[in-house]
Amino acid sequence: MIKMSNVSEEKVNNRAQDYYKMLQFLNETTNDSFFLWDMEKDIVYFSRQLSVLEGQEHRDGVPENIYAYDLDLIRAVVYKSDMTKVEHAIRHVTRGVGERMDVNFRYVDAHGKKFWVNCRGNVLNEGGQEQPLMIGCLSRRVLSERIDMLTGLMNYNKMLENVQEGVDKGKRGHLLIVGIDDFREINQRMGRDYGNHVLKTTANIIDELKDEKSSVYRMDGDHFGIDLTGCSKRETVEFFQHLQSRMESLCEFSGGAVCYPYNEKEKDVGALVSYAENSLQRSKKNGKNRLSFFSSDDYKDNASRLELQKELRESIRNNFEGFELYYQPQVASNGYQLKGAEALLRYHSRKRGFMSPVVFIPLLEQTEMIIPVGQWVMKQAFAQCAKWRRKYGEFNISINISYIQLKDRSIIQKVIDAAKEADLPGNAITLEVTESMQLQDYNYFNSMFYYWKEKGMQISIDDFGTGYSSLSYLKGLEVDEVKIDRCFVRQIHKSSYNYRLLSNMLKLTQEAQIRVCCEGVEEEEELRCLDTLSPELIQGYFFGKPMPAEEFEEKCLSTEGSYNEFVSELRQRYQEQPNAVQMPESSTVENLEYKTILDSLKSIVYVVDKQNMELQYMNAEAKKLTGIYNYLGCKCFQVFTGRAEPCEECALSNSDEAVNITSKMFYEIYGRKMLVSEKNIQWHQTEARLIAALPVDGKDGPLDQKLNQDLYTAEKIIEMYELVQNGEKDTQIFDRLMAFVGRYYEADRASLFLWDEKMEIWEDAVSYRDQGVMNKARYLEITTQEKLQPWLDFIQKYKVVYIRDRESLKEISEELYRGYPKQEVQSYLLCGVWQAGRLLGFINVDNPGVVTDHMALLYKAAFLVEQILFHNLDDQSARTILHKLVEKKLDYNILSVSGVGLWQMKIDKITGETTILADGNMKSLLGVDEDATPAECYQAWVHNIDKDYLDYVKDARDTMMVTDKTAQIEYPSTDPKRGRVTIRCVGTRTSDNDSVVTIEGYYRVLEDMLQIRKKN
């Protein structure tokens, strides 16, 4: 600490008074907070009150309008991640190392919000003697242009400044850039408020994970930059993995990193950022949710890209030297009359030769060089089209407009001026915009298109079907044409799926009065197939590859050109072979007579294209077996085995084992014994394989049904025992066991109910339900001993019970007979679980699809439960383990007997409209009538929440919407009968489709739960 030397305390106080006056004067001239720091007493005097420390000022001996605070109070509000550098700055001056302070840090207000400030000051010296005072300024204005307002992090410009400073000082480390995967989709699905919540949460967690030497920045969009000073590659990987782990419930990340300095020559921070961003893009392309490092190969590619970029700039400066337009013919369908051409940009590099557009056009767009080049393309193409029109008559030209060009509205007039300069009428021009662009601002683009369409120009969507929301474009954008991408046209004569898909596209566009141009036609078979669909225009190598203007004119426009000769031969050939056009099978009307015959068979019959493995036909039994009814365009292995790749042993191989392979597949996948027959056939002039499989294990088969069922049951019991023997001895073994039982009996649900003597309730501690079947717990009412007693008496008497229908319940219990419809089941299987002669549990199977005269597998399953739960346990230990299992299962059964409300919330993704389906308990807790609508229940729920906790509850709901994890919250609410209470709400997402997210859970008054526990 600096001490006074030869300066009296009185003199110091006098000088301090002068400084107070100076602070008051400065206070009138700026919004910054000037301060005087007494380093002897560690008191800081400010020219204005600090809102974060309001009410904590010193007033004794302090002039009016001056605010004094203990230094420790200021330390207490400094953000913990910045405390190290603040303390370092303080020590730097108090120990006499330096006389100047300049530090950026964050302070935290009472609400947890962080604010950046810059603190600058100088130690005051007088007459060469040190005086323990510093005068300085605390300013938010200094950093206002360096701070991201949403996240509170330093921004991109500050990152460039700080990283460059570190590199210049010889520091080493890694620059890591992370991006949130599919953030655009998160914004669209959940709204921008939720997207902002994700960004702020990400910023906070990254800031927590970094060490004191590192810094984090918000770049733009969903990208964050982290300067990991002094970190190795391994430490960078660990940091990224920690970030993934912390954020896995909210979102996923991709990352790109580069070490610095990358080499002794490359010390420009702009290049480092570019390297890291390139690596980030590689992570995105390779599947996302991963980290990539900039490598030497990347460096070479980047150097090559920069070199090409430099060459392209030079070409533009040299009157577009090396650029050239090629033209590809566009012809009318059926008649094949030449209608126009698309102008395509090409580039001849002095060093690399002829370059692919895939290489240089993205570079032109990234650097915005596409703007001058696009203007040049416009002028050249329009002038060429006008020349050809004067010489050959009507002709249309199509040019591509980049999204980069469309961002500048001056493009509107530039297009109009270029057409006017070339003396080209607007109706001869088609402007193509790529569908992969994010053309979501329909009003913006339609307003631009309006001016062009007013001049007669037409708008086309290129690469239709390959980018973003294609169908929405037809509704939102005012376009005249769509160009169907090559991927839909390729081998269309061999793919019924592509044919059907393209047919639907054409119907849709025709209804919208939009012209269709099919690109990429390369084979005559493709052309003839497209003729049956009648698109307006066709373009592709079959009619001509892109070619220079001179060649195009010579081949396609000249009467002696090869194009006219080619088209004449094509027309003649089609006239001689009018029936040669073959459509894929799905497009023809199938013979209803043979369909009826095949569908009536008990055999499974299907036909597979041998070349592409697509299913050409499935009869009714095949559809029933697989559950697939819309099979056209699907591969056989996808439908019958659920595989993504062809089977290792393929029955289409014509080998002697083909029949055995198919038989094995039916048994392993479907558990069916089949007598299989196969043969090669011609199916609509296509090489195909006909497979017929006759069941031999059912009532329609030649084997005795009971014997076969006994054999199958025995096999399954052995398999079930192996499942238990090989599984881990934990509660998950019961999940697997119930799933096995449910699937064996083809049941809707299979549940294990256990008795908890301590809580005096029965609980379905483990449940399995078939896909699409609701959780029985939603409407289950029989959970107390009293309600369940008739069932328990029946199980006590018969051990294993099969309730075939409601009528059979009359003899058991009138109460169960009346309540049976509420359970929404048609039939039951019940089997008791015993310990020392006491019934402590039972297995319940709802709506079994397979029931045998004796239920051996169910009995054996109950025995296995007994062995797992109670083997070698005394009575007290058995009671303890049951209580733990029941207590662990926070399901609706326990809740409904404990004054707990059950709810299901549905959120419309498009409108945001939210409703709550509530049971009787829930409606009572909300204070609404029994006949209240779902909308009224939701309004009551929101209305009851303490207003200070609305955001907290909303954030919890949003978390449930985007994750599969269960969330639990507690908050104050107003009970209609009891006033202010504390609510515990637990929920989880149960379904998510294109339009609605569903969350389900329970709602209880915490005071009631505590009372129940006290009673127990």
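Author: Quick ground rules: residues count from 1 along each chain as its sequence is written, and side-chain values use heavy atoms, leaving out hydrogens and water. As this is a predicted model, local features need pLDDT of at least 70 and side-chain atom pairs count only at pLDDT 80 or more, while totals for chains, interfaces and linings use all residues.

Reader: Why are H11 and H13 called roughly parallel?

Author: Helix H11 (residues 370–392) and helix H13 (residues 411–422) pack at about 30°, their axes 9 Å apart. Angles under 35 degrees count as roughly parallel, over 145 as roughly antiparallel, 65 to 115 as roughly perpendicular and the rest as oblique, so H11 and H13 are roughly parallel. The axes are lines fitted to C-alpha atoms over the stretch in contact, and angles run from 0 to 180 degrees between N-to-C directions.

Reader: What makes the contact between H11 and H13?

Author: On the H11 side, the residues include Phe-382 and Arg-390, and on the H13 side they include Val-415 and Glu-421; contact means heavy atoms within 4.5 Å. The contact divides into ten nonpolar, one polar and four charged residues.

Reader: How do you know whether Arg-957 is buried or exposed?

Author: Its relative accessible area is 16%. Buried means under 20%, exposed over 50%, partly exposed in between (1.4 Å probe, protein chains only), so Arg-957 is buried. Arg-957 lies in helix H34 and touches Met-905, Thr-914, Tyr-938 and Ile-999, not counting residues up to four places away in sequence.

Reader: And what makes Val-359 partly exposed?

Author: Val-359, in helix H10 (residues 357–366), has a relative accessible area of 45%, so it is partly exposed.

Reader: How do you know which side of H33 the buried residues are on?

Author: The buried residues of helix H33 (residues 934–944) are Cys-937, Tyr-938, Ala-940, Trp-941 and Asn-944. They cover an arc of only 160° around the axis, so they sit on the same side of H33; the arc is that of the directions from the helix axis to the C-beta atoms. On the other side of H33, Gln-939 and His-943 are exposed.

Technical notes: Helix = DSSP H or I, 4+ residues; strand = E, 2+ residues; numbered from the N terminus. Nonpolar A, V, L, I, M, F, W, Y, C, P; charged D, E, K, R; others polar.
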